[in-house]
Amino acid sequence: ATSYQAYRNYVFNLNTGSQVTENDIFNAGYDTALQSLIVASLLEQNGVKTVEELEDLGFFGMQEIMPNRNFLLNKEGITYTFNKGEYSAYQLEAPEVFIPYKTIRSLLRDNSIASKLADL
């Protein structure tokens, strides 16, 4: 069985020592599809319904927010962490966005670590 370890938000295959990248787990075109899921997750996490309401809370640049290679995989899904002050006021905590595998199932590469974790 292959083991994976997260280290400073990099995911490594412990059998090979190689870093797991987004291109290893997602099909082509994943970044555009994930953008709307990231925004939707931020809306839900902050209890608001519109991007304007997110902006009122101190977030900005939601039209430009994209997957940033700073992710962690677990058995439930993928979590992206963005830098403090990158898409939100510096006074806010660094945004973390969790997306469950069931939401991104169609984006996952067959036989990737993410599809195996999701039991696809």
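## Close-up views of a predicted model

**View 1. Asparagine 111 sits in the loop between H4 and helix H5 (113–117).** In this predicted model, the phi of asparagine 111 is near 65°, which is a positive value in a residue other than glycine. Is this residue buried or exposed? Asparagine 111 counts as exposed, at 67% relative accessibility.

**View 2. Arginine 69 belongs to the loop between H3 and E4.** Here is another positive phi in a residue other than glycine: for arginine 69 the value is near 70°. With a relative accessible area of 63%, arginine 69 is exposed, because exposed means over 50%.

**View 3. Helix H2 covers residues 30–45.** Its 16 residues reach 22 Å from the first C-alpha to the last, and that is close to the 22 Å expected at 1.5 Å a residue. After H2 comes glycine 47, with a positive phi near 65°.

**View 4. Several residues of H2 are buried, among them Tyr30, Leu34 and Gln35.** Ile38, Val39, Ser41, Leu42 and Leu43 of H2 are buried as well. Which elements cover them? Helix H1 (22–25), helix H3 (51–57) and helix H4 (101–104) are included in the cover, and so are strand E5 (77–81) and strand E6 (96–100).

**View 5. Strands E4, E5 and E6 form an open sheet.** The three strands follow the order E4-E5-E6, with antiparallel pairing. Strand E4 (71–73) and E6 are the edge strands, each pairing on one side only. From one strand to the next, the twist averages 20°.

**View 6. E5 and E6 are joined by antiparallel pairing.** How many bridges does this pairing run over? There are five bridges between E5 and E6. Look for glycine 77, which stands opposite proline 100 in E6.

**View 7. Stepping back, the chain has five helices and six strands.** Starting at the N terminus, the elements follow the order β-β-β-α-α-α-β-β-β-α-α. The chain has 120 residues, and 38% of them count as buried. The chain exposes about 7,200 Å², with carbon and sulfur atoms supplying 47% of that area. Of the contacts between residues at least 6 apart in sequence, 51% join residues at least 24 apart.

Terms used. Residues numbered from 1 in each chain as written. Predicted model: local features only at pLDDT ≥ 70, side-chain atom pairs only at ≥ 80, totals over all residues. Heavy atoms only, no water. Helix = DSSP H or I, 4+ residues; strand = E, 2+ residues; numbered from the N terminus. Buried < 20%, exposed > 50% of the residue type's maximum accessible area, 1.4 Å probe, protein only. Contact = heavy atoms within 4.5 Å. Areas by Shrake-Rupley, 256 points an atom, 1.4 Å probe, with all protein chains shown as cover. Expected span 1.5 Å × (residues − 1). Pairing = 2+ DSSP bridges. Axes fitted to C-alpha atoms, helices over the stretch in contact; angles between N-to-C directions.
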